[in-house]
Amino acid sequence: MRQVHLAVLLGFAAFATALPSPPTAQNNHRSTKDAKVLILGGGVAGVIAARTLHRKGIDDFLIVEARDELGGRMQNYTIGVPGKQHTVEVGPNWIQGTQTGNGTANPILTLARKHHVKNQYNDLDGSITTYDYNGLKDYRDILNRSIDQFTQIGAIAGERVKTQQVDLSLQSAYGMTGATPKNMYEAACQYYEVDWSPDQNSWIASAWNNNFTFDTDMGGFSDENNLCIDQRGFKTIIQAEAAEFLQPEQVSLNSVVTTIAYSEDGVAVTLADNTTLTGDYVLCTFSLGVLQYGDVAFKPALPSWKMEAIQSMVMATYTKIFLQFENKFWFDTEMAIYADKERGRYPIWQNLDHVNFFPGSGLVFVTVTGDFSLRIEGMEDSDVQEEVMEVLRAMYPNTTVPDPVAFHFKRWHADPLFRGSYSNWPPSFLPGHSENLRASVDKRLWFAGEATSLKYFGFLHGAYFEGLNAGEEIAKCVEGPGCVGRQHLNSVLDASPYPFVSITP
């Protein structure tokens, strides 16, 4: 039996009046099961897959969402003292790569324009102040050199692809080009460019991931990033889009999936409350982290080629720590970098109390990633705040820096619905793994999300395109004999044979 939760269906009360008329029997491809297609997860990939099915005349689907609203990792938080509250984004915050002239627009930008979601150009490289633990320290020349180095190693990655050379880590790339950081300023600027540990980033995949989004010569949208500042939240783009076609009975909120059973006869999804939903096809749009942690059981167990693909990628954690003060005392630029002897210690700062964002808000946030994110997730909020304030006071040694009046950050890695923020392609993850990550299993079990995107992994538009493609492919299965599924490789092989026949007794 299906359990449908309607009380807070899309996060806004006007949902019922915004819905289209019920679908007709002729275009509904009606199933005797709970739904012909079960879509697990109501984030960008899930909603766009549902929209794609709807546009193809297939409305016999059900979005199963664990939270009380649609949006996935697009989550916001209201921070501030009474009378001075603002909505900030704890998840995705930027439209990354917008549009150049009349060229192709990023589909996330298209949705933002359509639903009047306010966003503002964020000058990440040109409006920046730099600090160290003694205060203001101008090393913008090092930052500019770091930007050039990243461009250079991207170009070399392109040459390696042409000559079919093996992938290496970004750390290897920096070393081979003589750009290994020699001091904390170079390390901080490198961090600003890659947001992560270079030894955990693929050299080649990092280059194409960047270029296919930001380089118009490679089909990218633009080299600009727009920050969402809409007080309804960035999630509005997907909730408002869903409101145009979803019927209340097509969404089940507060529904946590525990088990997915699949066979040649169809699929059965069991929820935490022991409700079972049946269908002909199931689309999993869970985050990579959820799949890696085994939070959802598959019956039968996923084949080894699928598990290898899942476990070969990295689920990164990106944490924004928000602070509000009674009065602004910090940098007037949009961004700031803090260089510390410990790489990754509260290095990237953004001024939200800026004329382009929330003037007069008293808001600033600092970003940490990777192991440092996991570290602070295990700490008490008060202890994290104390560390952050220690850095901020070091940045302003001649200012009496007060304690904040509000403080907040989200623990993405600890959240069992996400287990991290976005996917990251490590050097050991090969294109064959990517193919297997997005491959279907027995034509019944499908996967989509930013992690399954070869070109746009880690980006919102990656989730958009993967949802679009999955919806189109599943529609072929629903409509008839055109169902071929997504193919997989039984084994992802090394480029060259190993020099040993055996390495075990």
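Predicted model: local features only at pLDDT ≥ 70, side-chain atom pairs only at ≥ 80, totals over all residues.
Figure 1. Leu38 has Leu62 as its bridge partner in β2.

**Figure 2. The nonpolar cores and the surroundings of Leu38.** The largest nonpolar core comprises 53 residues. Leu38, Leu40, Val257, Ile260, Phe286, Phe298 and Leu445 have the most contacts inside this core. Helix α7 gives the most to the core, contributing 7 residues. With residues up to four places away in sequence left out, Leu38 touches Leu62, Val267, Val269, Leu277, Thr278, Gly279, Tyr281, Val282 and Leu283.

**Figure 3. The packing of helix α4 with helix α7.** Two packed helices are described by the angle between their axes and the distance between the axes. Helix α4 (residues 140-162) packs with helix α7 (residues 203-214) at an angle of about 110 degrees, and the axes are 9 Å apart. The two helices are therefore roughly perpendicular. On the α4 side, the contact is made by Phe150, Ile153, Gly154, Ile156, Ala157, Arg160 and Val161. These residues meet Trp203, Ile204, Ala207 and Asn210 in α7. By class, the residues of the contact of α4 with α7 are 8 nonpolar, 2 polar and 1 charged.

**Figure 4. The open mixed sheet of seven strands.** The order β8-β7-β18-β19-β20-β17-β21 describes an open sheet of 7 strands with mixed pairing. The edge strands are β8 (135-136) and β21 (406-408), and each of these pairs on one side only. Strand β17 (residues 318-324) runs antiparallel to β21, and 3 bridges join the two strands. Leu323 has Phe407 as its bridge partner in β21. Helix α11 (residues 370-377) lies across β17 and β20 (363-369), and runs at about 110 degrees to β20.

Figure 5. Most residues other than glycine have a negative phi, and most peptide bonds are trans. The peptide bond that joins Lys299 and Pro300 is cis, with omega of about -5 degrees. Pro300 lies in the loop between β15 (297-299) and α10 (304-312). Tyr346 is not a glycine, yet has a positive phi of about 50 degrees. The loop that holds Tyr346 is between β18 (335-339) and β19 (348-351). Because the relative accessibility of Tyr346 is 0%, this residue counts as buried. Lys443, also a residue other than glycine, has a positive phi near 65 degrees. Lys443 lies in the loop between α13 (431-438) and β23 (445-447). Its relative accessibility is 39%, so Lys443 counts as partly exposed.

Definitions and conventions: Residues numbered from 1 in each chain as written. Heavy atoms only, no water. Axes fitted to C-alpha atoms, helices over the stretch in contact; angles between N-to-C directions. Helix = DSSP H or I, 4+ residues; strand = E, 2+ residues; numbered from the N terminus. Parallel < 35°, antiparallel > 145°, perpendicular 65-115°, else oblique. Contact = heavy atoms within 4.5 Å. Nonpolar A, V, L, I, M, F, W, Y, C, P; charged D, E, K, R; others polar. Core = buried A, V, L, I, M, F, W, Y, C linked by side-chain atoms within 4.5 Å. Buried < 20%, exposed > 50% of the residue type's maximum accessible area, 1.4 Å probe, protein only. Pairing = 2+ DSSP bridges.
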